[in-house]
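Colleague: I would like to learn how to read a protein model. Please take me through the features one at a time.

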Amino acid sequence: MQLVTIDDIRAAADRIRDAVLRTPLVPAGWAGDPDRPLWLKPESLQAVGAFKVRGAFHAIGRLDPDVRARGVVAYSSGNHAQAVAFAAARFGCPAHIVMPEETPAVKVEATRGHGAEVVLCGPGRREAVAAELVERTGGVLVPPFDHPDIIAGQGTVGLEIAEDLPDVDNVLVPVSGGGLASGIGTAIKALCPHAKVFGVEPELAADTAEALRLGHRVDWPIERRNRTIADGLRSQPSELTFAHLQQVLDDVFTVTEDEITDAVRELTFRAHLVAEPSGAVGLAAYRRRVTPPGRTVVVVSGGNIEPSALQRILAD
């Protein structure tokens, strides 16, 4: 299996430079752990509120113009949906997006706001409905993580971390389908070989932790994964992303639902960042002091949270 390389990631960075935000690496002096000085990589500041815009712009931009003109199709619980809709609008091509019925309304409306046609579906039906749309519309599928162009685009996050903090010791990355962790891990291992890269996922959707422990992918039913508040971390790695994760992750840590909501509150009040639960799991793991001592970067992957849900979390 051909894995993404640092050269692929550098090429992706050149292609998307004018389309996405180069997010800052923010020192978190308030973290209060002298053994683990903390920096945040706030991908929540992207135009669509999440890192997904990087992979979407790269993948759509790599399409032949005649192919792209037929339109794109995507399936997503929210952030990839918005990213593909946003990128498609910038390229002037139609977009059809399949989203689960339980997707937070804020993500559905944001996707429609970029001009995409949204098709809602029942649990576990995203891929099948997307395939039907590809057949009906003639569009091209832009998967959320299972594609080298997507992984390379997401890997630009790691490239920026390595450029801004070359002596980084630990990087904590949320894991779902594995595209972000695959790309960041590839970049960090190539440019900062001494650094360790750790995935983080909810205990209620810890299929990657189990899979890496066993040495092969495992299948958790969608009903089991849907228990977590971190709706963006309910996917499972593909063969492609799992092959990357086996190469680039030093370990995967799991966090509880209470630890996730505590991290959302801490990011709001201490970092002045709005983070969705999926984007806060890295800080939750940091607070458990599970990493070795050293300079630590937490990737805040997204900030698209229902206002009512944020209000409930902050009120607890």
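**Reading the model**

Modeller: Gly-61 is partly exposed, with a relative accessible area of 35%. On this scale, buried means under 20% relative accessible area, exposed means over 50%, and partly exposed lies in between (1.4 Å probe, protein chains only). Before going on, note that this is a predicted model, where local features need pLDDT of at least 70, side-chain atom pairs count only at pLDDT 80 or more, and totals for chains, interfaces and linings use all residues. Residues are numbered from 1 along each chain as its sequence is written, and side-chain values use heavy atoms, with hydrogens and water left out.

Colleague: Where does Gly-61 lie?

Modeller: Helices (H or I, at least four residues) and strands (E, at least two) are DSSP runs, numbered from the N terminus. Gly-61 belongs to helix α2, which covers residues 52–61. In the protein there are 14 helices and 10 strands. The radius of gyration, taken over C-alpha atoms, is compared with a globule rule of 2.2 Å times the number of residues to the power 0.38. For this protein the radius is 18 Å, close to the 20 Å that the rule gives for 316 residues, so the protein is as compact as a globular protein of that length.

Colleague: Which residues does Gly-61 touch, not counting residues up to four places away in sequence?

Modeller: Contact means heavy atoms within 4.5 Å. With those neighbours not counted, Gly-61 touches Arg-68 and Phe-91. Over the protein, among contacts between residues at least 6 apart in sequence, 74% join residues at least 24 apart.

Colleague: Is Val-173 buried or exposed?

Modeller: Val-173 is buried, at 0% relative accessibility. Its place is in strand β7, residues 170–174. Leaving aside neighbours within four places in sequence, Val-173 has contacts that include Leu-180, Ile-184, Phe-198 and Val-299. Across the protein, buried residues make up 60% of the 316 residues.

Colleague: What about residues in loops?

Modeller: Thr-291 sits in the loop between α13 and β10, and at 3% relative accessibility Thr-291 counts as buried. Not counting residues up to four places away in sequence, Thr-291 touches several residues, among them Arg-36, Asn-170 and Phe-253. Arg-289 is also placed in the loop between α13 and β10 (296–300), but Arg-289 is partly exposed, with a relative accessible area of 44%.

Colleague: What is the value of phi of Arg-289?

Modeller: Phi of Arg-289 is near 55 degrees, a positive value in a residue other than glycine. His-272 has a phi near 60 degrees, again positive in a residue other than glycine. The place of His-272 is in the loop between α12 (257–269) and α13 (277–287). His-272 is exposed, with a relative accessible area of 67%.

Colleague: How many disulfides does the structure hold?

Modeller: A disulfide is a covalent bond between the sulfur atoms of two cysteines. Here the test is a pair of cysteine sulfur atoms within 2.5 Å. The structure holds 0 disulfides. As for individual cysteines, Cys-93 is buried at a relative accessible area of 9%, and Cys-192 is buried at 1%.
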